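Here are my notes on this one, jotted down as numbered points. Have a look at the structure first, then read on.

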Protein chains: 2
Amino acid sequence: MDFKHQTTVTLAEVAAAAGVGESTVSRVLRNHGSFSKKTRDRVMEAVEQLGYVPNRIAGTLASAGSRLVAFVIPSLSNIVFPDVLRGASSVLEENQHQAVFSVTDYDPEREEALVAAMLAWRPTAVMLAGFEHTQGTLKMLRATGCRVVELLDLDGSPVDLAVGFSNAAAGRVSAEFLLKRGYRRIGYVGHDLERDTRAGKRFGAFCETLGSAGFPLADREIHVGASSVESGRLGLERLLARQPDLDAVYFSNDDMALGGYFHCLARGISIPSQLAIFGYNGLDIGRVTPQPLSTIRTPRVSTGRVAAELVVANAPPQVIDLGFELIEGATT
Amino acid sequence: MDFKHQTTVTLAEVAAAAGVGESTVSRVLRNHGSFSKKTRDRVMEAVEQLGYVPNRIAGTLASAGSRLVAFVIPSLSNIVFPDVLRGASSVLEENQHQAVFSVTDYDPEREEALVAAMLAWRPTAVMLAGFEHTQGTLKMLRATGCRVVELLDLDGSPVDLAVGFSNAAAGRVSAEFLLKRGYRRIGYVGHDLERDTRAGKRFGAFCETLGSAGFPLADREIHVGASSVESGRLGLERLLARQPDLDAVYFSNDDMALGGYFHCLARGISIPSQLAIFGYNGLDIGRVTPQPLSTIRTPRVSTGRVAAELVVANAPPQVIDLGFELIEGATT
DNA sequence: GTGAAAGCGCTAACAA
DNA sequence: TTGTTAGCGCTTTCAC
């Protein structure tokens with residue numbers, strides 16, 4: 001049952017109204033090919049008059065090139081992905097492309113289904129998080145004609161384009177920093193590592209670095225589920241209950257770390273003398289807390305921006321390392 | 001210059017490979033109409049064999065009904081909109097719809113251009129924030145055949161569907177709460193009100209309520225630009241420099257309020273005895289700070305979910321008030 | 001500078 | 001149950 005009157009002005013009607021052929025209207029509208037100024041005006045007047053809205057579905061079918069860019073992302077709760085979308089969308093909009101997205105909830109099977117659904121729209125490119133995909137997903141991505149961009153990771157082999165930074169390096173750098181600062185009894189509070197494989201890579205490299213230095217990770221507390229400020233706070237509470245003498249804690253990201261920070265504030269645990277806190281992401285909020293958070297700033301928005309630029313420019317396959325920056329706050 | 005081999009298996013090729021007609025393949029694939037089990041198997045085998053991916057562009061053109069839902073949102077930095085998208089996307093994905101979005105950056109002219117671009121995809125629905133649109137946008141929305149959903153506001157007249165809550169009521173309730181608690185010298189710290197019209201409506205009703213009670217707003221500090229924790233902190237600092245004897249401050253949202261909260265923590269201003277803080281949005285982080293933030297919790301995710309459900313169900317035009325909830329934290 | 005006509009890949013009658 | 005066929009609204013040769 002329809003509640004609105006379906007107005008379907010077509011290019012043919014515009015042509016008729018303007019007294020020109022369809023192809024002329026098409027040329028004028030796309031500003032492509034040649035036509036006289038007079039014709040142009042007649043066409044534009046008819047367009048205006050009839051309220052014509054071009055049909056990109058038909059246009060795409062006839063010409064190929066959908067100008068649709070598909071994002072298949074793990075989450076929208078984790079600020080990382082809205083940031084990536086934000087960076088990309090500005091570039092896409094400037095270049096008359098549109099962003100389509102769907103959310104996998106960190107489930108590889110769901111990712112496969114969603115990639116298949118996206119491919120049905122014949123997008124210019126598909127953007128995904130990281131390199132961990134099912135065999136089925138990889139097969140589709142390799143078979144498809146569209147560009148593939150894997151985001152926010154560098155530790156793996158790309159299908160086509162990759163834009164991001166090394167999570168393993170981030171983990172290593174974090175560990176080295178804490179060690180250099182003299183921390184020795186270091187713990188970890190994180191979230192679901194199997195699903196968030198990038199957090200898993202950071203954690204793996206972090207532990208390995210500590211171990212090589214002779215000060216292996218003292219203990220860890222893993223929250224099953226998504227990262228959040230609350231689970232960071234609870235995680236630290238539990239970890240400290242078991243290991244009261246930790247001198248530093250590495251968190252899977254800034255949300256978790258802020259939770260830990262709040263726990264310390266509430267319990268009167270002094271930072272960093274009693275306990276140091278280190279995060280990951282470099283969220284703005286961490287710069288404004290009474291003590292700025294020590295963390296790693298990641299180029300989330302630029303990851304999106306650069307990915308979109310490569311796609312719009314149809315750049316050759318390549319891997320772009322945007323790096324990251326260690327921010328020495330007051331919590332270490 | 002193409003870097004990938006464009007594989008374009010069509011339905012016709014599948015039909016040929018399976019030794020059946022095109023419409024049979026179409027029926028099997030959409031599980032619509034009748035066909036024998038044997039035919040089905042033959043078709044599915046050919047699909048598998050050839051790695052056929054249906055072309056929804058062609059499908060949509062042939063059948064109408066794009067199953068595309070367009071979101072034209074002001075921002076992705078303001079967590080409100082990722083939350084709305086999150087609520088909507090789960091419903092849309094379950095119902096084989098896809099979400100397309102673009103970001104207006106709170107610019108009505110840009111919104112108009114983006115709506116026009118979206119309409120070219122003949123979406124099932126267009127979702128926008130609030131009721132403030134240009135004449136051109138309204139004209140397009142009224143003329144189009146697709147559903148229109150205006151989100152997160154109730155104070156205005158909808159084009160078609162509206163899902164959200166009253167911002168004016170939220171502002172009023174906030175003021176009444178502070179007054180009831182005995183606060184009398186009340187200030188405001190907010191962000192760009194002309195662009196964020198919903199924040200403007202809250203502020204307007206807030207001031208009016210204070211004024212009617214005989215305790216008009218003492219002062220305000222407006223940050224030109226987007227809301228953020230940092231501008232909340234700076235805003236409060238400036239406001240207090242002018243008005244050291246305020247007893248409460250209302251913030252345009254929780255991000256701003258958290259900034260104010262951090263300012264107080266850093267300066268040793270005791271909350272709420274010296275200064276009360278009240279926010280808006282009910283972000284999770286506000287529940288986990290050492291003192292939970294007093295605020296108004298808004299149904300952001302359900303706004304997205306309900307909007308998507310209405311669209312999928314093709315419900316008749318209506319206005320849905322999802323309400324909001326005052327959270328009495330420890331900052332008032 | 002302009003128009004006629006042939007598709008793009010699919011769906012939806014309509015026959016068979 | 002299945003195949004044939006006529007579009008969907010546009011772009012793109014190719015004539016003129």
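1. A term to start with: a residue is near a strand if one of its heavy atoms lies within 4 Å of it. Keep in mind that this is a predicted model. Of the atoms of DNA strand C within 4 Å of the protein, 66% belong to sugar or phosphate, and the rest belong to bases.

2. Who sits around the DNA? There are 26 residues around DNA strand C, and A:Arg27, A:Ser34, A:Thr39, B:Leu11 and B:Tyr52 come nearest. Sorted by class, this surface has 14 polar, eight nonpolar and four charged residues.

3. On the helices: H2 and H4 of chain A, plus H2 and H4 of chain B, each supply at least two residues of the surface near DNA strand C. H2(B) gives the most, with five residues.

4. Some individual contacts worth a look, from chain B. The side chain of B:Arg30 has an N or O atom 3.0 Å from a phosphate oxygen of DNA strand C. B:Ala58 turns to a base instead: a backbone N or O atom lies 3.3 Å from a base nitrogen of DNA strand C.

5. Back in chain A, the axes of H1 (residues 11-18) and H2 (residues 22-30) come within 8 Å and cross at roughly 100°, so H1(A) and H2(A) are roughly perpendicular to each other. A:Leu11, A:Ala12, A:Val14 and A:Ala15 of H1(A) meet A:Glu22, A:Val25 and A:Ser26 of H2(A). That contact divides into five nonpolar residues, one polar and one charged.

Technical notes. Residues numbered from 1 in each chain as written. Chains lettered and ligands numbered in written order. Predicted model: local features only at pLDDT ≥ 70, side-chain atom pairs only at ≥ 80, totals over all residues. Heavy atoms only, no water. Axes fitted to C-alpha atoms, helices over the stretch in contact; angles between N-to-C directions. Helix = DSSP H or I, 4+ residues; strand = E, 2+ residues; numbered from the N terminus. Parallel < 35°, antiparallel > 145°, perpendicular 65-115°, else oblique. Contact = heavy atoms within 4.5 Å. Nonpolar A, V, L, I, M, F, W, Y, C, P; charged D, E, K, R; others polar. Polar contact = N/O pair within 3.5 Å; in protein donor to acceptor, adjacent residues only side chain to side chain.
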